[in-house]
Amino acid sequence: MSVVNRAEKQRAGAEPGPSSTEWAAALAALHRGEAVGFPTETVWGLGVDAASSAAVAGLTRLKGRPPGKALQVCCASAAQARALAAPGQPLFEALCAHLPGPLTLVAHAAETCPAWLSVEGQVGVRVPDHPLILALLERWGGALATSSLNPAGQPSARNLAEAQGYGLASVLLGDSADHAAGLPSTVVDCTTGRVLRQGAFPLDALQPLLALAREQGA
């Protein structure tokens with residue numbers, strides 16, 4: 001497993017963050033269909049090429065997840081997230097204004113959304129609010145199918161030591177300075193206006209919008 005060590009770079013007087021060699025290693029791993037680990041503002045994540053059905057299936061096996069259980073699709077921007085969702089979904093469009101952030105939006109999938117990213121015609125998208133994963137997404141140039149960095153049924157990794165301990169990622173883009181909050185993203189079903197999981201995103205400001213969506217049948 002390759003690990004970026006920002007602390008060593010800082011002691012050496014170099015700029016913090018992955019080097020060009022380390023970025024290349026992460027991108028090469030994604031091209032091979034392997035999983036790359038990274039910190040987010042919620043928990044450490046594990047991602048693969050969202051455009052590869054084989055890579056997505058491999059991530060499910062790696063984590064020991066039940067087949068058919070949806071993965072998040074991490075995007076670099078709200079515009080990229082919108083491209084995966086079918087048009088004409090007012091609540092989804094409204095909540096996209098709160099991205100990036102610890103918020104996962106479940107919406108009807110676009111016709112062009114790959115079948116392996118959706119479950120029963122729905123897709124869950126997220127734009128994380130962490131500079132490292134956003135930089136990875138921008139360098140990759142596409143979306144990543146992601147999940148928390150942990151085997152199914154185990155606690156999510158919150159720091160480098162926990163991420164290393166699970167040994168799931170071929171490359172870890174992060175170091176001991178990256179401490180995640182430990183709360184997962186809040187998940188909102190934009191097709192019904194219901195909160196599927198309360199997490200790190202505060203819902204107080206959204207409740208009127210969610211209530212209206214439920215009244216109107218989303």
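**Strand pairing, pockets and selected residues in a predicted model**

N159 is placed in the loop that runs between β7 and α7 (160-166). The side chain of N159 reaches two backbone nitrogens, that of A161 at 3.2 Å and that of E162 at 2.9 Å. Between the C-alpha atoms of A161 and D175, which are 14 residues apart along the chain, the separation is 8.6 Å.

Strand β3 (45-49) has five of its five residues buried, and it is therefore largely enclosed by the rest of the structure. With strand β2 (residues 36-38), β3 pairs in the antiparallel sense over three bridges, and the bridge partner of F38 in β3 is G45. These two strands, β2 and β3, form a hairpin in which six residues lie between them. Strand β3 is also joined to β7 by five bridges, the two running antiparallel, and here V48 stands opposite A145 of β7.

The pairing of β5 with strand β9 (residues 186-189) is parallel and extends over four bridges, with L103 standing opposite T186 in β9. The pairing of β5 with strand β6 (residues 122-126), on the other hand, is antiparallel and extends over five bridges, with T104 standing opposite R126 in β6. As a general point, the side chains of a regular strand alternate between the two faces of the sheet.

Among the helices, α6 (residues 131-140) contains the buried residues L132, I133, L134, L136, L137 and W140. In an α-helix there are 3.6 residues a turn, so residues three or four places apart point the same way. Helix α6 is followed by G141, whose phi is positive, near 85 degrees.

The cysteines were examined for covalent links, a disulfide being a covalent bond between the sulfur atoms of two cysteines. A search of the whole structure finds zero disulfides. For C96, the closest cysteine sulfur is that of C190, and because the two sulfurs are 7.4 Å apart they are too far for a bond, given that a disulfide requires the sulfur atoms to lie within 2.5 Å. The relation holds in the other direction as well, since the cysteine sulfur closest to that of C190 is in C96, at 7.4 Å. Both residues lie in the interior category by accessibility: C96 is buried, with a relative accessible area of 2%, and C190 is buried, with a relative accessible area of 3%.

Open space in the model was examined with a probe, and rolling a probe the size of a water molecule over the atoms shows where empty space is left. The largest pocket holds about 780 Å³ of space. It is lined by 38 residues, of which R65, A70, Q72, V187 and R197 are the closest to its centre. Several strands take part in this lining, with β3, β4 (72-74), β5, β6, β7 (144-148), β9 and β10 (194-197) each supplying at least two residues; the largest share, four residues, comes from β6. By class, the lining of the largest pocket comprises 16 nonpolar, 15 polar and seven charged residues.

The second largest pocket has a volume of about 180 Å³. Of the 13 residues that line it, those closest to its centre are V56, T60, G68, K69 and W116. The lining of the second largest pocket divides into eight nonpolar residues, four polar residues and one charged residue.

Terms used:
Residues numbered from 1 in each chain as written. Predicted model: local features only at pLDDT ≥ 70, side-chain atom pairs only at ≥ 80, totals over all residues. Heavy atoms only, no water. Pairing = 2+ DSSP bridges. Buried < 20%, exposed > 50% of the residue type's maximum accessible area, 1.4 Å probe, protein only. 1 Å grid on protein atoms, 1.4 Å probe; cavity = no way out; pocket = protein on both sides within 12 Å on 5 of 7 lines; lining within 4 Å. Points joined across faces, edges and corners; volume = space filled by probe spheres on them. Nonpolar A, V, L, I, M, F, W, Y, C, P; charged D, E, K, R; others polar. Polar contact = N/O pair within 3.5 Å; in protein donor to acceptor, adjacent residues only side chain to side chain.
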